[in-house]
Amino acid sequence: MARARGTFNAVSHERHMHSDTDQLLRSILTDVLGLKSGQADAFAADTGLFGHLPELDSMAVAGLLTEMEDRLDIVIEDDEIDGELLESYGSLLAFAEAKRAES
Amino acid sequence: MTPAAWPCPLPGGTVEEYALAFDSRRLHRLLIVPALLDEANRMRRLTVDVMRRLDNAGIDSFLPDLPGTNESLQPLDLQTPESWIAAMEDAALHFAATHVLAIRGGALVAPAELPAWHYAPVKGAQILRQQIRARIVSAREAGVAETQDGLQQLALSRGIDLSGHRLGPEFVRQLQALVPRTGAQEIPQETLGGGGLWLRAEPDEDRAQADALAAILTIGIKA
């Protein structure tokens with residue numbers, strides 16, 4: 001996975017940060033959903049998650065969020081967890097990117 | 001592989017518990033302390049896959065039920081992590097274990113006296129937080145608002161149901177403070193390759209991970 005090195009180009013660095021979150025989130029979903037390597041690359045912003053994938057039950061969602069905290073180095077409050085957050089890949093990624101920008 | 005019974009000491013007296021065993025009275029004998037609560041289901045397949053590989057490598061292994069789980073006749077809500085530690089110590093003696101493997105939260109209740117490996121160990125507080133979070137997500141779907149703090153309080157005063165497991169207040173109090181026992185060699189998930197199977201939404205298997213874990217143990221035990 002390509003990581004931004006150096007900070008001489010702030011714009012490029014920002015872009016890399018985002019794609020890094022995207023990559024990490026796809027790898028977390030790969031682990032949670034037991035996807036084959038590369039399968040998560042097909043997730044688009046409007047790919048449905050909670051409510052669309054029967055295997056993504058409450059325990060799996062809890063595991064997903066805890067793993068996001070670990071790997072993205074963020075803290076997720078339980079009152080931030082709602083149906084909208086997990087509705088699609090795009091909404092989850094936007095949440096993760098906002099959280100990383102905060103920290 | 002056969003089921004084996006072992007005498008398990010509990011506060012009310014000794015009871016019979018079961019274990020899965022590969023016992024050919026060999027020199028090397030590994031006690032496996034399973035993952036806890038909900039993770040136990042998702043890690044069972046990998047655990048038994050590792051036992052089969054160790055058997056082929058000439059190592060006996062034993063996977064005891066924690067009292068109150070699996071084939072146990074004991075009520076789960078009367079168990080505590082302390083009673084599980086005592087139970088696993090006695091299982092180690094009964095099966096004459098020479099080594100210990102603890103899986104995930106099993107590291108919290110594993111015998112401390114034998115050479116041990118902790119595979120992807122996890123703190124008690126983290127297990128509790130995630131179990132409570134799963135309950136919050138599930139309650140929210142049903143239109144019921146629950147909070148982490150509120151459920152922790154409830155759990156400590158009256159006990160709590162977490163993903164089908166009825167835990168007593170004393171269990172919760174002890175679990176909150178438990179960290180993996182010291183002196184063991186840690187096997188982080190990265191060394192097996194791939195994602196941890198406890199993360200999976202549904203129980204799954206991974207032969208490559210079972211191969212890797214069994215290889216690490218075989219080399220370590222026979223060294």
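## Exercises on a predicted two-chain model

In chain B, helix H4 (residues 148-158) and helix H5 (residues 169-177) have axes that come within 6 Å and cross at roughly 125 degrees. Keep in mind as you work that this is a predicted model. Have the structure open and let's begin with that helix pair.

### Exercise 1: Helices packing on H5(B)

Task: Work out how H4(B) and H5(B) are oriented to each other, and which residues meet where they touch.

Solution.

Step 1. Start from the crossing angle, which is roughly 125 degrees.

Step 2. Angles of 65 to 115 degrees count as roughly perpendicular and those over 145 as roughly antiparallel, with the range between them called oblique. H4(B) and H5(B) are therefore oblique to each other.

Step 3. Now look at the contact itself. H4(B) brings B:Ala155, B:Leu156, B:Ser157 and B:Arg158, and these meet B:Pro169, B:Val172 and B:Arg173 of H5(B). By class, this contact has 4 nonpolar, 1 polar and 2 charged residues.

Task: Repeat the analysis for helix H3 (residues 124-141) of chain B against H5(B).

Solution.

Step 1. The axes of H3(B) and H5(B) come within 5 Å, and they cross at roughly 125 degrees. H3(B) and H5(B) are therefore oblique to each other.

Step 2. On the H3(B) side you will find B:Gly124, B:Ala125, B:Ile127 and B:Leu128; on the H5(B) side, B:Val172, B:Leu175, B:Gln176 and B:Ala177.

Step 3. Sorting the residues of this contact gives 6 nonpolar, 2 polar and no charged. Note that B:Val172 is named in the contact with H4(B) and also in the contact with H3(B).

### Exercise 2: The domains of chain B

Task: Find how chain B is divided, and describe the side of domain 1 that touches domain 2.

Solution.

Step 1. Domain 1 of chain B covers 2-122 + 181-222, while domain 2 covers 124-177.

Step 2. Taken over C-alpha atoms, the centres of domain 1 and domain 2 of chain B are separated by 25 Å.

Step 3. Across the boundary, 13 residues of domain 1 of chain B are in contact with 15 residues of domain 2 of chain B. Helix H1 (37-56) and helix H2 (81-94) of chain B each supply at least two residues of the domain 1 side. That side has 7 nonpolar, 3 polar and 3 charged residues.

### Exercise 3: The sheet of chain B

Task: Trace the strand order of the open sheet in chain B and name its edge strands.

Solution.

Step 1. The 7 strands of this open sheet run in the order S1-S2-S4-S3-S5-S6-S9, with mixed pairing.

Step 2. Strand S1 (2-10) and strand S9 (185-187) of chain B are the edges, as each pairs on one side only.

Step 3. Ignoring direction, neighbouring strands of this sheet are turned by 25 degrees against each other on average.

Step 4. Zoom in on one pair: strand S2 (residues 13-22) and strand S4 (residues 60-64) of chain B are antiparallel over 4 bridges. One bridge to inspect is that of B:Phe22, whose partner in S4(B) is B:Ser61.

Step 5. Finally, find helix H6 (residues 207-222) of chain B, which lies across strand S3 (29-33), strand S5 (99-103), strand S6 (116-119) and S9 of chain B, running at about 165 degrees to S6(B).

### Exercise 4: Buried or exposed?

Task: Decide whether B:Leu27, B:Leu37 and B:Arg104 count as buried or exposed.

Solution.

Step 1. The cut-offs are 20 or more C-beta neighbours within 10 Å for buried, and 12 or fewer for exposed.

Step 2. B:Leu27 sits in the loop between S2 and S3 of chain B. With 10 C-beta neighbours inside 10 Å, B:Leu27 counts as exposed.

Step 3. B:Leu37 belongs to helix H1 of chain B. Because B:Leu37 has 21 C-beta neighbours inside 10 Å, this residue counts as buried. Its phi is near 50 degrees, a positive value in a residue other than glycine.

Step 4. B:Arg104 is in the loop between S5 and S6 of chain B. With 26 C-beta neighbours inside 10 Å, B:Arg104 counts as buried. Phi of B:Arg104 is also positive, near 50 degrees.

### Exercise 5: Where the chains touch

Task: Describe the side of chain A that touches chain B.

Solution.

Step 1. Chain A has 3 helices and 0 strands.

Step 2. In the interface, 19 residues of chain A are in contact with 18 residues of chain B. Helix H1 (10-33) and helix H2 (58-72) of chain A each supply at least two residues of the chain A side, and H2(A) gives the most, with 9 residues.

Step 3. The chain A side divides into 9 nonpolar, 5 polar and 5 charged residues.

Methods: Residues numbered from 1 in each chain as written. Chains lettered and ligands numbered in written order. Predicted model: local features only at pLDDT ≥ 70, side-chain atom pairs only at ≥ 80, totals over all residues. Contact = placed C-beta atoms within 7 Å. Nonpolar A, V, L, I, M, F, W, Y, C, P; charged D, E, K, R; others polar. Axes fitted to C-alpha atoms, helices over the stretch in contact; angles between N-to-C directions. Parallel < 35°, antiparallel > 145°, perpendicular 65-115°, else oblique. Domains from an automatic or database assignment. Pairing = 2+ DSSP bridges.
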